[in-house]
Amino acid sequence: MHRLFIFGIDGGTLDVVRPLIARGLLPNLARVIETGASGELGSTFPPMTFPAFTTFMTGKNPGGHGVFDFFERIPGRYGVRFVNARSRRSRTLWRMLSEGGRRVAVIGFPVTYPPEPVSGVMISGFDAPGIGARADRTCFYPPQFYDELRAKVGDYIITPSVDMLRALEAPDEGLEAIVATIERKLAAALYTQERERWDCFAFMLIESDFAGHRYWRFYDPDSPHYRPDYPQALREGLPRVYSAIDAAFGRLWQNDPEAAVLIFSDHGFGGASTKTVFLNRFLQQQGLLEFVTGSKSSMGGWMRLQGRLTMAKLKDIGLHYTPERLRTPLLRSMKLGNKIESKIRFGGIDWRHTLAYSDESPYFPAIWINLQGREEAGVVSVDQYDAMCQRVSQALREWRDPDSGEPLVRRVYRREEIYHGEQVERAPDLLIDWNLDHGYSYLSGRSLEDSSGLAIRRLAPTEFASHEMATRGGSHRPNGLIMAAGGPFARGARVEGATLRDLAPIVLHCQGLPIPAEMEGQVPAGLFTPEFLRDHPLQHLAAGEYAAAHPLSEEPGDNYSDEEREIIERRLRDLGYL
Ligand SMILES: [Zn+2]
């Protein structure tokens, strides 16, 4: 068994790491690459944080673990709710390590709220509520660890202070907030690491993802968002965050140099175009969807929707100027939560005349068929389902960028082509593999919030002036990274073709535990030294063997209180994911 230090870099990409190593800015990551094995790591499709980290933790595709997005549909309704660990239908690596007699410390991984009982400690990640981004007792396992950590190093911060990030007028302050959060998290991680000799110590930083969304446009001179008059401090924003992450990793590694290290990211990163698609508008133009506002006689519905949007904005502004200690009672008094999100996302559609519709997510919007029996007011019969999927797919494939004449969509997948397992039915019906616009990803906007009536258009620079839109300069890519060094890992090896699903088997094998057949990944060739594999051949468990020995007892329940939903909604909005 090798003790293992796992370090997650949200959205970390070699496309940034390599040039920054060449500039001497990432000495610790450079040393891991030199002394270990490294390469690209395939993400989930689409490459989104929640499904991707859940795939890392379970060794399964989203069809197996049930986490497809930040949101999941509320069955039988045109509504969504936020996802947390209760949406997961699979045991995690942390649980398996604990059940195998290993001591674990797990800090900051998304989709781990509420924290599960482990042999060791856990602090939940991004899906954890907590006023003012500070984790509370509910984010800790065991809960007493909250008191202990707080007494020793102060509050644990889930995300950078949203108020700081909102400082649109001063993006350099947002940068300070990100770097300060990394340092606060590092203090918590160092304390936890020194508390005992963990068999597996896992820590991740989500700040690289925030920085990618916000600072890519300053970093990349070829980005369509780039302006030559950007101040130097902002152009160096992304390098600065990567370098803070490298330093944090370095401190932890130095503190426990004997542990093997495994660094990975959940997906890669790249730049975004200024062109935005409005999928529901496109579906309307194809005769597949109608808006309530489509006929002039139904302006009432439109007005009501606008009213709700205004409410949501007012609430946001209200919270922004409310001192933190007063926010909890204020939040308690506002029971909007998922209802707002559902209205924004699916409001204004005339369901009786809609065959297919999109959630219009900002980055990887997907398509649902308005299916009878499943949807509240479904109109497409089960018999017509296949034909409808084909019709929508074909329309999407024929859709062209009016500037270049190039197809917008590379491929449209039926969900069964991408996912497999018991949870596939919770996925959207159609998933879109978008082409890039000269290397930059198309953005996705909400049709009802755009008055142009166009299904695709280039947004003017002024339209990126809002806080949310300022986060849209960068977007996810399918290729993340993996680096492993020390212990059983081969020196100087190049890892090829590895995916997130391979990480759980790697971790289990490293920790001397057998790999259950339900895990879909495998240990990549060349990652471990031949000597290690000779002395420690891979052990496998037959299907069902692990589950029979360690039954999962918890029943999935409803996921958040209204108050918690408010917090999560606000966080997602602040980060530009809504
Ligand atoms: Zn991510």
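How many of the ten residues of helix α3 (residues 49-58) are buried? Ten of the ten are, so α3 is largely enclosed by the rest of the structure. Buried means that 20 or more other C-beta atoms lie within 10 Å of a residue's own; exposed means 12 or fewer, and partly exposed is in between, with C-beta atoms placed from the backbone. Helices (H or I, at least four residues) and strands (E, at least two) are DSSP runs, numbered from the N terminus.

This is a predicted model: local features need pLDDT of at least 70, side-chain atom pairs count only at pLDDT 80 or more, and totals for chains, interfaces and linings use all residues. Residues are numbered from 1 along each chain as its sequence is written.

Stay with α3. Its buried residues include Phe50, Phe53, Phe56 and Met57. They pack against α4 (62-65), α5 (93-99), β5 (104-109), α9 (207-219) and α18 (503-510). Contact here means C-beta atoms, placed from the backbone, within 7 Å. Gly59 follows α3 and has a positive phi, near 75°.

Now step back to the whole chain. It holds 21 helices and 22 strands. Of its 578 residues, 52% are buried. Among contacts between residues at least 6 apart in sequence, 72% join residues at least 24 apart.

In soluble globular proteins, nonpolar side chains tend to be buried together. The largest nonpolar core here has 155 residues, and Ala202, Ala356 and Val507 touch the most other members. Such a core is a set of buried Ala, Val, Leu, Ile, Met, Phe, Trp, Tyr and Cys residues joined through C-beta atoms within 7 Å. This core draws at least three residues from each of domain 1 (4-267 + 478-510) and domain 2 (273-291 + 349-473). Those bounds come from an automatic or database domain assignment. Leaving aside residues up to four places away in sequence, Ala202 touches Ile6, Val104, Ala105, Val106, Ile107 and Phe109.

Next, helix α11 (residues 237-255). Its axis and that of helix α8 (residues 171-195) come within 10 Å and cross at roughly 10°. That makes α8 roughly parallel to α11, the term for angles under 35 degrees; over 145 is roughly antiparallel, 65 to 115 roughly perpendicular and the rest oblique. Axes are lines fitted to C-alpha atoms, for helices over the stretch in contact, and angles run from 0 to 180 degrees between N-to-C directions. The residues that meet include Leu175, Ile178 and Ile182 in α8, and Val241, Ala244 and Ile245 in α11.

Helix α2 (residues 27-35) also packs on α11, at an angle of about 65° with the axes 7 Å apart. Pro27, Asn28 and Leu29 in α2 meet Asp246, Phe249, Gly250 and Trp253 in α11. Leu29 also has its C-alpha 9.7 Å from that of Arg18, eleven residues away along the chain. Arg18 lies in helix α1 (residues 14-22). Arg18 is partly exposed, with 14 other C-beta atoms within 10 Å.

Finally, the backbone. Most residues other than glycine have a negative phi, and most peptide bonds are trans. Val111 is not a glycine, yet its phi is positive, about 60°. Val111 sits in the loop between β5 and β6 and is buried, with 27 other C-beta atoms within 10 Å. Pro114 is in the loop between β5 and β6 (120-124), and a cis peptide bond joins Tyr113 to Pro114, with omega about -5°. Another cis bond runs from Tyr141 to Pro142, with omega near -15°.

Key
Contact = placed C-beta atoms within 7 Å.
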